[in-house]
Amino acid sequence: MRNIVIFAILFTMLFSFETVKAQDYTANKVFGIEDLAPREVRRNAISGSLGWNGITGVGVVYHNYLNKQMGIEAGIGLSSTGTKFGGRFSYYFMDKKFSPFVALGFNYGTGLRSALEYNTNGNSYTYTINASPFTQITGGIEYISNGGFLFKANLGYAILLKESNYEILSGSPTADERLAMDIAFGSGIVMEVSFGYAFGNGK
């Protein structure tokens with residue numbers, strides 16, 4: 001699975017490099033600035049994020065561009081591991097509107113306070129989700145329009161930084177059910193998209 005994810009990231013980046021070669025820089029008439037990298041003109045952004053093993057689950061993310069090719073993000077949202085907080089550093093290979101990137105992040109799910117019950121085919125058990133720290137490495141594409149529209153897509157892998165983040169309170173799940181829980185709550189693929197608005201005159 002990890003090899004497939006790595007191959008997909010590399011393929012996406014190679015395709016993106018070919019796409020961005022013919023791009024122009026942002027000509028942002030709103031700020032009266034011509035031929036500047038978009039992340040120099042619009043240094044901040046707010047977006048809504050939706051994904052699997054992303055930094056927020058379903059949530060809100062604040063983006064800050066440190067310069068035309070580096071940025072940081074911080075967000076909060078809801079996920080299968082409870083309320084989730086996350087942060088991520090991104091490096092952009094291009095300084096134009098459309099750019100591939102690589103990123104390294106950390107997120108923390110606070111867990112669920114209540115017990116959950118699962119009952120199927122006569123097998124019943126209860127469990128709870130504990131605190132869940134993850135680190136992740138991703139790659140993807142980001143686009144910022146002249147008007148500030150932001151789109152970002154991430155694909156990568158998240159690693160749970162503890163042996164297990166769920167606890168069986170009663171009953172006994174089967175091996176297949178435990179595997180399903182490991183996939184749902186543990187390490188796994190990252191798929192995430194964000195839509196938002198970039199703003200702020202950096203010059």
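## A buried loop residue

Thr-56 has a relative accessible area of 0% and therefore counts as buried (under 20% relative accessible area; exposed is over 50%, partly exposed in between; 1.4 Å probe, protein chains only). Thr-56 lies in the loop between β3 (42–52) and β4 (58–67).

## Basis of the model

The model is predicted: local features need pLDDT of at least 70 and side-chain atom pairs pLDDT 80 or more, whereas totals for chains, interfaces and linings use all residues. Residues are numbered from 1 along each chain as its sequence is written, and side-chain values use heavy atoms, with hydrogens and water left out.

## An open antiparallel sheet

An open sheet of 3 strands has the order β8-β9-β12, with antiparallel pairing (two strands pair if DSSP finds at least two bridges between them). β8 (116–120) and β12 (166–171) are the edge strands, each with a single partner, so one side of each lacks a neighbour in the sheet. On average, neighbouring strands of this sheet are turned by 30 degrees against each other, direction ignored, with axes as lines fitted to C-alpha atoms.

Strand β9 (residues 123–129) is joined to β12 by 5 bridges. Tyr-127 stands opposite Ile-168 in β12.

## The chain as a whole

The protein chain contains 3 helices and 13 strands, which are DSSP runs (helices H or I, at least four residues; strands E, at least two) numbered from the N terminus. Of its 203 residues, 45% count as buried. Among contacts between residues at least 6 apart in sequence, 63% join residues at least 24 apart.

Note on methods
Contact means heavy atoms within 4.5 Å. Axes are lines fitted to C-alpha atoms, for helices over the stretch in contact, and angles run from 0 to 180 degrees between N-to-C directions.
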